[in-house]
Amino acid sequence: MNFKVATLEEIPQIEILYEELFLEMSKLQPKYIAPAKQDVEFLQNIISEEKSDIFVAEIDNSIVGFLLIQELATPLYSCIVQHNYAYIMDVIVGGQHQNKGIGSALLQEAKKWAEERKLDYLELSVLAENIGAINLYDKHGFNETSRTMRLEF
């Protein structure tokens, strides 16, 4: 298995995994998330920008998982302590490759990326129903720091 930063040439393989990610998310929250394709221009920008990357996991020259990470800063509000941090926007390991340590290895790459940039912490959001992902993040030391709550009508 090989881990590296994605290039523009790898976007078609990343798109396939994004379709799988969006499909799985739509199964967890069908009222709010629909199956979709990821915007290619968005992926091109993430790969090209200095403050973001996509780490890919490859087996036999095929991408089997990825993690999208961005460098962000906390909002400029008087009550918020300023931090520069890494935000993990998306993580997916293709269905047949799950539970083989690939997600953990991608998270390790994200940790190294954030440490090399001297960022204060890693942050991510996860659907409440995604128990497998929550267990993975717990295993890697992530802690819940806020909740999104919704009142439906």
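## A pair in helix 3

Which helix holds both Lys112 and Glu109, and how many residues apart are they? Both lie in helix 3, three residues apart, which is about one turn of the helix. Keep in mind that this is a predicted model. Here Lys112 and Glu109 form a salt bridge, with 3.2 Å between the closest N and O atoms. Lys112 counts as partly exposed, because its relative accessibility is 42%.

## Salt bridges elsewhere

The structure has 10 salt bridges. Glu24 is partly exposed at 38% relative accessible area, whereas Lys27, at 54%, counts as exposed.

Lys37 and Glu19 also meet through their side chains, at 3.2 Å from N to O. This pair joins distant parts of the chain, 18 residues apart: Glu19 sits in helix 1 (11-28), and Lys37 in the loop between helix 1 and helix 2 (40-48). Lys37 is exposed at 62% relative accessibility, and Glu19 is partly exposed at 34%. There is a network to explore as well, in which salt bridges link Lys51, Asp53, Glu71 and Arg117.

## Helix 3 against helix 4

Helix 3 (residues 102-116) packs with helix 4 (residues 131-139) at about 50 degrees, the axes lying 11 Å apart. The two helices are therefore oblique to each other, and their crossing is right-handed.

On the helix 3 side, Gly103, Ser104 and Leu107 meet Leu136, Tyr137 and Lys139 of helix 4. Three of these contact residues are nonpolar, two are polar and one is charged.

Methods:
Residues numbered from 1 in each chain as written. Predicted model: local features only at pLDDT ≥ 70, side-chain atom pairs only at ≥ 80, totals over all residues. Heavy atoms only, no water. Axes fitted to C-alpha atoms, helices over the stretch in contact; angles between N-to-C directions. Helix = DSSP H or I, 4+ residues; strand = E, 2+ residues; numbered from the N terminus. Parallel < 35°, antiparallel > 145°, perpendicular 65-115°, else oblique. Left-handed = near helix turned anticlockwise from the far one by under 90°. Contact = heavy atoms within 4.5 Å. Nonpolar A, V, L, I, M, F, W, Y, C, P; charged D, E, K, R; others polar. Salt bridge = Lys/Arg side-chain N within 4 Å of Asp/Glu carboxyl O. Buried < 20%, exposed > 50% of the residue type's maximum accessible area, 1.4 Å probe, protein only.
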